[in-house]
Amino acid sequence: MVVSSLSLVTDSWVKVSWDEFLEVAEHSDYQHGRFYFYQNYMRVEMLPVGSIHGNNNNVVANVVNFYATLKNIKIKGWVNTSFRRTSEGECQPDLAFYIGDKIKFPPLNNSPVNINELAAPTLVVEVAASSINDDLGFKRLLYERLGVKEYWVMNANNNDIIAFEIIDGGSRRIEESKVLPGLQIAIVQEAIQRSLTQDDGEVNRWLLQIFS
């Protein structure tokens, strides 16, 4: 089998064909893994997720959803969902959002979202600790290729957020969201910082006050 011949290496980019990638991604032994594919390289992440990672995911999702709700922006979010463009790329970000009135939402099923037929997510968020260099590097190239509009990297080591606008096949750092106009990245970062000492209710009430 291809799976055994690869001697699967996790948390590193391994050169494979698309068919080999699919065999690993769909193998029952690796259903708890997170899979990425870009330019014939595969990355499988199997590390356990700790409380910092989970907390940051929760807070960032709350900020995005609260802001969109109060500004009457159409939005739909996904957690740890695979997005696949056949033979070209696959990603499984921590958070992904489709944003805007013209967006067609993916169907609800147990298959990877087919971005051959649908647009890639508007906004993608990765929460990183040991993988921070990869998230800022190779994964950023992957999201540029897939056509994501905006990419945020949350550094769990220092609670910093680096946000990129993806445009014309490249990316540049931004301090204010382009897909959620008016949302300052500094607000997202402060919400994360507050969550270290405050419960969700306190942080959410602060967000509501800031956004109202």
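What does the accessible surface of the chain come to, and what percentage of it belongs to carbon and sulfur atoms? The accessible surface amounts to about 10400 Å², and carbon and sulfur atoms account for 48% of it. The structure under discussion is a predicted model, and the points below should be read accordingly.

1. Overall dimensions. The chain has 212 residues and a radius of gyration of 17 Å, which agrees with the value near 17 Å that a compact globule of this length would have. Along its principal axes, the C-alpha trace spans about 55 × 35 × 30 Å.

2. Secondary structure and contacts. The chain contains seven helices and 12 strands. Of the contacts between residues at least 6 apart in sequence, 61% join residues at least 24 apart. Buried residues make up 50% of the 212 residues.

3. Charges. The chain carries 19 positive and 26 negative charges.

4. Helix 6. This helix comprises residues 185-195, and its buried residues are Ile185, Ile187, Val188, Ala191, Ile192 and Ser195. They cover an arc of only 165° around the axis, which puts them on the same side of helix 6. In general, an α-helix has 3.6 residues a turn, so residues three or four places apart point the same way.

5. Which elements are included in what covers the buried residues of helix 6? The cover includes two helices by name, helix 3 (51-70) and helix 7 (200-211). It also includes strand 10 (150-155), strand 11 (160-167) and strand 12 (170-174).

6. Residues of helix 3. Is asparagine 57 buried or exposed? Asparagine 57, placed in helix 3, is buried, because its relative accessible area is 11% and the cut-off for burial is under 20%. Leaving aside residues up to four places away in sequence, asparagine 57 touches Asp94, Leu95 and Val127. Serine 51 also lies in helix 3, but serine 51 is exposed, with a relative accessible area of 65%. The C-alpha atom of serine 51 is separated by 25 Å from that of valine 9, and these two residues are 42 apart along the chain.

7. Positive phi values. Serine 87 is not a glycine, yet has a positive phi of about 70°. Serine 87 is found in the loop between strand 5 (83-85) and strand 6 (89-91), and at 48% relative accessibility this residue counts as partly exposed. Asparagine 159 is likewise not a glycine and has a positive phi, of about 65°. Asparagine 159 occupies the loop between strand 10 and strand 11, where its relative accessibility of 11% makes it count as buried. A reader inspecting the backbone may wish to look at both loops.

8. Glutamate 176. This residue belongs to the loop between strand 12 and helix 6. At 32% relative accessibility, glutamate 176 counts as partly exposed. Which residues does glutamate 176 touch, not counting those up to four places away in sequence? They are Pro181, Gly182, Leu183, Gln184 and Ile185. Of these, Ile185 is also one of the buried residues of helix 6.

Conventions. Residues numbered from 1 in each chain as written. Predicted model: local features only at pLDDT ≥ 70, side-chain atom pairs only at ≥ 80, totals over all residues. Heavy atoms only, no water. Helix = DSSP H or I, 4+ residues; strand = E, 2+ residues; numbered from the N terminus. Rg over C-alpha atoms; globule rule 2.2 N^0.38 Å. Buried < 20%, exposed > 50% of the residue type's maximum accessible area, 1.4 Å probe, protein only. Contact = heavy atoms within 4.5 Å. Areas by Shrake-Rupley, 256 points an atom, 1.4 Å probe, with all protein chains shown as cover. Lys, Arg positive; Asp, Glu negative; His and termini not counted. Charge placed at Lys NZ, Arg CZ, Asp CG, Glu CD. Arc of directions from axis to C-beta.
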